[in-house]
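Here are my notes for a first look at this model. Please keep the structure open beside them.

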Amino acid sequence: MLKVAIGADDAATGLKNRVKEHLNKKDIEVVDFSHDVAGNDQIYPDVAFNLASAIQQGTFERGILFCGTGIGMAIVANKVPGVRAAQCHDVYSAERARKSNNAQIMTMGARVIGEELALMLVDAWLASEFEAGRSAPKVERINYYDALNHPNRTNK
């Protein structure tokens, strides 16, 4: 069974809950890192960093982050060595985030996309796998640059 980490700030709790419900209906286990879970009162950088760290450690293969625009969550998640997060607002980008860039995390903005589009993006992203091929050397180069700044980390 696929296990997906999910997290949102206060601007995106509603969209996160809708996506969480959608994933649960598909028998996908969801672990919620959001600001409002278990009494956590975190701001979005904390949510993104904690979720991305769980991806880095191999606890989850995939993660989905939500904030007002998706931008801040992507910026923070990409600070974690070995993690690739992509902001997705259309189906093609969601697919390419996985197929071309092997992104483990997708981010979305609750203030810029609606619920139905968000569900389409999640489905497209989860159905996509890294294709390697012409993209493999590019992802290897991303990993190379990541390793330059984090020499004690082995990238996935």
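This is a predicted model: local features need pLDDT of at least 70, side-chain atom pairs count only at pLDDT 80 or more; totals for chains, interfaces and linings use all residues.

1. Strand 1 (residues 3-8) and strand 2 (residues 29-32) run parallel, and four bridges join them.

2. From strand 1 the path goes through helix 1 (residues 13-25) and on to strand 2. This β-α-β crossover is right-handed.

3. Strand 1 also pairs with strand 3 (residues 62-67). Five bridges link strand 1 and strand 3, and they too run parallel. Here I6 is the residue to check: I64 of strand 3 stands opposite I6.

4. Is strand 1 mostly covered or mostly open? Mostly covered: of its six residues, five are buried.

5. Now the cysteines. How many disulfides does the whole structure hold? The search finds zero. C67 takes part in none, and its nearest cysteine sulfur, in C88, is 13 Å away.

6. A disulfide requires the two sulfur atoms to lie within 2.5 Å.

7. C67 is buried, at a relative accessible area of 4%. C88 is buried as well, and its value is 0%.

How values were computed: Residues are numbered from 1 along each chain as its sequence is written. Side-chain values use heavy atoms; hydrogens and water are left out. Buried means under 20% relative accessible area, exposed over 50%, partly exposed in between (1.4 Å probe, protein chains only). Helices (H or I, at least four residues) and strands (E, at least two) are DSSP runs, numbered from the N terminus. Two strands pair if DSSP finds at least two bridges between them. A crossover is right-handed if, with the strands pointing away from the viewer, the path from the first strand over the helix to the second runs clockwise.
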